[in-house]
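These are my notebook entries on a two-chain model. I set down what I looked up, in the order in which I looked.

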Amino acid sequence: MDVTPELVKKVATNARLVLTPDEIKRFQKELSEMFEKFAILQQANTKNTKPSFHPIDIKNVTRKDEIGKCLDREEALSLTKHRTDKYFKGPKVI
Amino acid sequence: MIKKFVKEALSGKIDIVAHALKCLEQAEKINQEYHYITEWADVETQAKKLAEQLKNGTAKGKLFGVMVTVKDGICVKGVETHASSAILKGYKPLFNSTVVQRCIDEGAIILGKTVQDEFGFGGFAVNVGKGFQKPLNPVDKKRATGGSSGGAAGAAALFDFPHIALGESTGGSIVNPAALCGVVGICPTYGRVSRYGLLDYSNSLDKIGPLAKTVEDAALGLEVISGHDSHDSTTSDQAVPGYTDVPGVVQGLRIGIVKEAFGETINNDVRKAVLEAVHKLEQHGARKIEISLPYGMTYGIPTYFLLSTAEASTNLAKYCGMRYGAEEQLTGVYNDYFARVRSNNFGDEAKRRILLGTFARMAGQRDAFYTKAAQVRTKIIEEYEQAFKQVDVLITPTVPMASPTFEEIKKLTPVQCYAIDQITVAPNLAGLPHMSVPCGKTGNLPIGMMIIAPHFNEQKIIQVANAWTHQ
């Protein structure tokens, strides 16, 4: 697996991270080592094996469609200074 | 220790406020030297409430007056909760996690939050976030506590008062530091304990469990926090049996020795200590059977790191400098703002795991890495199912060696660091209950023995641990 600086930058952009040139160099080396070691996984025989996304059987759980208690608006807004009277304030979209 | 204390506290023989303040004073003193606590709770107010209950005859609870510390990634109402990450600095949850609420309902006093690897990303508790201090091993301050629940394990070892630490494990983060600090740690079956109020690392792997000085105290902690919770749809509705009255009898019990966990990569003293412990259990009537788990022991590390980081990279997407936690001036368009806050506040290992997980999920790579790892996970689960047809429990060393020094850890590459989890990742991937109990020493450093049982058989691991510690 060829981990290039361009690939590291692309993945970082997807993950909303800005990396310094030093970080790109370091992560390139470290991710290369990881993928080299993790390549052993390809040797595992998984023919006709279903993937497991949980360790135990998970069932869908539903509840009655009724209004319940929820977080008070003022309490929710109390954790940030970026707010208006009723809403969270975020950065510009465009 | 705790049961006796609670009995005395409920009888009114103990001045609960004076006791709580004395515990706080001792913990603060230890913390100055060892760095286990990130935030303190209001101990005095909680203790006064309990004193009031004693006065008006409403005092009750299995943990009445007992100090509980909470891993930093588990929410405590009104107490800063950061998963030891700078990105959550200032975040004071508006609610208690279910495990914390259950402890409070049983009369516990929340003492404070314990330091961890940032979001649980580590096996030594050296990857604490920016602005947090690394916890030091209680036996030797030049060495690591193990991780990621390092502060929890250190506190369990050194706090000399009735105390339970709540930790969390994704790939071994309860039993690993328990082993390296010489205490008991129980990681329950996935779904046995509610994750509501836990800052997720990896939803399909995260489990909350107790650490304590003794098996009995850890079992009591587990009993309190276990059980179905409507806030967490992955919790099981299976009834919770008593964990504190399990007899330590192993007559006729079949103990599986995982062959691959005693190989060349395991320190000689560690191997010898665990095999001697098994020999003693045999002398008490247990039967030893050798078991091979090639999938778990060969492919466990890559499987774990690909799955857990894929989940972590999505879980951590919500931390973006809005609504709570770290914030900066709202300048630039949203992608620039989010990227700036994230890049300034996540530590190195968090960035590394976000990159790895994002890569594993990307179009074109998903089948080769994420889906392949999920298939191998099935093989690992099936391998354990087969093993448990032959044996009642499995035993291995918890970690391959005693605690390394900080200088030794600095020289390791990330992949070499990940090898500390080589024995613990497989039972975590399979969601099996497992436990570390102290099992001798190498020099002055503690060794841990890991006991693993089938799903929802926590009593079995407690049974073996009781037999070992009381023999």
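**Entry 1: B:Lys130**

I began with B:Lys130, which is partly exposed, as 17 other C-beta atoms lie within 10 Å of its own; a residue counts as buried at 20 or more and as exposed at 12 or fewer. I note at the outset that the model is predicted. I placed B:Lys130 in the loop that runs between β3 (109-114) and α5 (150-158) of chain B. I then listed its contacts, leaving aside neighbours within four places in sequence, and found B:Ala86, B:Asn345 and B:Gly347. I also looked up the distance from B:Lys130 to B:Leu307, 177 residues apart along the chain: their C-alpha atoms are separated by 25 Å.

**Entry 2: Backbone exceptions**

Most residues other than glycine have a negative phi, and most peptide bonds are trans. Against that background I recorded one cis peptide bond, from B:Gly147 to B:Ser148, with omega near 10 degrees. B:Ser148 belongs to the loop between β3 and α5 of chain B, and B:Lys130 is likewise placed in the loop between β3 and α5.

I recorded a positive phi, near 60 degrees, for B:His35, a residue other than glycine. B:His35 sits in the loop between α2 (16-34) and β1 (37-40) of chain B. Is B:His35 buried or exposed? I count it as buried, because 22 C-beta neighbours lie inside 10 Å and the cut-off is 20 or more.

B:Phe456 is not a glycine either, and its phi is positive at about 60 degrees. I found B:Phe456 in the loop between β11 (445-452) and α16 (458-470) of chain B. B:Phe456 is buried, because 22 other C-beta atoms lie within 10 Å.

**Entry 3: Chain B as a whole**

I then turned to the overall build of chain B. Its secondary structure comes to 16 helices and 11 strands. The radius of gyration of chain B is 21 Å, close to the 23 Å that the globule rule gives for 471 residues, so I describe the chain as being as compact as a globular protein of that length. Along the principal axes, the C-alpha atoms of chain B fill a box of roughly 65 × 55 × 45 Å. I noted that 63% of the 471 residues in chain B are buried. Of the contacts in chain B with a separation of 6 or more, 77% are between residues 24 or more positions apart.

In soluble globular proteins, nonpolar side chains tend to be buried together. I looked up the largest nonpolar core and found 176 residues in it; B:Val68, B:Leu211 and B:Ile451 have the most contacts inside it. Which element gives the most to this core? I found that it is α9(B), with 10 residues.

I followed up B:Val68. Beyond its neighbours within four places in sequence, B:Val68 is in contact with B:Leu63, B:Cys103, B:Ala108, B:Ile109, B:Ile110, B:Leu111, B:Ile164 and B:Leu166.

**Entry 4: α9 and α11 of chain B**

I examined how α9(B) packs. Two packed helices are described by the angle between their axes and the distance between the axes. On the α9(B) side the contact includes B:Phe305, B:Leu306 and B:Thr309, and on the α11(B) side it includes B:Arg353, B:Ile354 and B:Leu356. I sorted the residues of this contact into seven nonpolar, four polar and two charged.

I noted a span of about 55 × 45 × 20 Å for the C-alpha trace of chain A along its principal axes. Of its 94 residues, 19% count as buried.

How many residues of chain A are in contact with chain B? I found 42, which meet 52 residues of chain B. The elements giving two or more residues to this side of chain A are α1 (5-14) and α2 (21-38) of chain A. The most comes from α2(A), with seven residues. I divided the residues on this side of chain A into 25 nonpolar, eight polar and nine charged.

Methods:
Residues are numbered from 1 along each chain as its sequence is written. Chains are lettered from A and ligands numbered from 1 in the order in which they are written. This is a predicted model: local features need pLDDT of at least 70, side-chain atom pairs count only at pLDDT 80 or more; totals for chains, interfaces and linings use all residues. Two residues are in contact if their C-beta atoms, placed from the backbone, lie within 7 Å. Helices (H or I, at least four residues) and strands (E, at least two) are DSSP runs, numbered from the N terminus. Ala, Val, Leu, Ile, Met, Phe, Trp, Tyr, Cys and Pro count as nonpolar, Asp, Glu, Lys and Arg as charged, and the others, Gly among them, as polar. The radius of gyration is taken over C-alpha atoms; the globule rule is 2.2 Å times the number of residues to the power 0.38. A nonpolar core is a set of buried Ala, Val, Leu, Ile, Met, Phe, Trp, Tyr and Cys residues joined through C-beta atoms within 7 Å.
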